[in-house]
Amino acid sequence: MVVAVYPGTFDPLTYGHMDIIERAAALFGRLIVGIYENSSKQPLFPLEQRVELVKEAITGLSNVHVKAFKGLTVDFIHQIGGRVMIRGLRANSDFEREFEMALMNRKLASDIELLCLMTSSQYQFLSSSLIKEVAKLGGCLEGMVPDHVAVALRERFSVTIEVATGKHRM
Ligand code: ADP
């Protein structure tokens, strides 16, 4: 059975990520969604919550599991007996960075194959950072993230707004 790993920050999970997860899960015996513990992006959501949000979204996919990891992605893939790394590609924005990373990873671990799946057109402009901007400004997130992620975003930003306006001060 070939094990594939889809690594990322998932801050938070979007329907763009879900589309890649579902398509990769149909190709491999087992898919592990690997969530960076030490992301350089300074995530909005703590690690435990990013893991929980993905867990809740994948309940219907029996061969998909989620795990947090530290350190190099290729080391994590080796540890769990994986062979393939999955990444998602949006036109323009992702290719150069993914190509650079792929060449580095090939140097570090030549036995791991990279598989990039092209985004589905409806998710082409969807990114976690854009979602956070929209959520922060109170915009509608329908069709962009699962409902439980939208709820988490609303909670996260309403707390920030309340704290900023001093509502929580004693
Ligand atoms: P990272 O910090 O590794 O970029 P992300 O959570 O931002 O983590 O993204 C994880 C993977 O999902 C990356 O390969 C990214 O290109 C891909 N991805 C993000 N958004 C989309 C989308 N809308 N469609 C397809 N792939 C996407």
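## Ligand surroundings

A residue is near a molecule if one of its heavy atoms lies within 4 Å of it. In this predicted model, 18 residues surround the ligand. The closest of them are Y6, T9, Y36, K41 and G88.

For T9, a polar side-chain atom is 2.6 Å from an oxygen atom of the ligand. In the side chain of K41, an N or O atom lies 2.7 Å from an oxygen atom of the ligand. For D94, the distance from a polar side-chain atom to a ligand oxygen atom is 3.4 Å. On its own the ligand has 550 Å² of accessible area, and the protein covers 92% of that area.

## K41

K41 is one of the residues closest to the ligand. K41 sits in the loop between β2 and α2, the latter spanning 47–57. Is K41 buried or exposed? The relative accessible area of K41 is 61%, over the 50% limit, so K41 counts as exposed. That value takes only the protein chains as cover.

V66 lies 25 residues from K41 along the chain, and the C-alpha atoms of K41 and V66 are 20 Å apart.

Strand β1 covers residues 3–8. Six of its six residues are buried, so β1 is largely enclosed by the rest of the structure. The cover extends to both faces: V3, V5 and P7 are buried on one side, and A4, Y6 and G8 are buried on the other. Of these, Y6 is also among the residues closest to the ligand.

Strand β2, residues 30–36, runs parallel to β1 and is joined to β1 by six bridges. Within this pair, A4 is opposite L31 of β2. Helix α1, residues 15–25, forms a right-handed β-α-β unit together with β1 and β2.

β1 also pairs with strand β4, residues 84–89, in the parallel sense, here over two bridges. In this pairing V5 faces M85 of β4.

## Nonpolar core

How many residues does the largest nonpolar core have? The core has 22 residues, and those with the most contacts inside it are I21, L31, V33, I35, V54 and I86. At least two residues of this core come from each of β1, α1, β2, α2, β3 (64–69) and β4. Helix α1 gives the most, with five residues.

L31, one of the core residues with the most contacts, is the residue of β2 that stands opposite A4.

Definitions and conventions: Residues numbered from 1 in each chain as written. Predicted model: local features only at pLDDT ≥ 70, side-chain atom pairs only at ≥ 80, totals over all residues. Heavy atoms only, no water. Buried < 20%, exposed > 50% of the residue type's maximum accessible area, 1.4 Å probe, protein only. Helix = DSSP H or I, 4+ residues; strand = E, 2+ residues; numbered from the N terminus. Pairing = 2+ DSSP bridges. Right-handed = clockwise from strand over helix to strand, strands pointing away. Polar contact = N/O pair within 3.5 Å; in protein donor to acceptor, adjacent residues only side chain to side chain. Areas by Shrake-Rupley, 256 points an atom, 1.4 Å probe, with all protein chains shown as cover. Core = buried A, V, L, I, M, F, W, Y, C linked by side-chain atoms within 4.5 Å.
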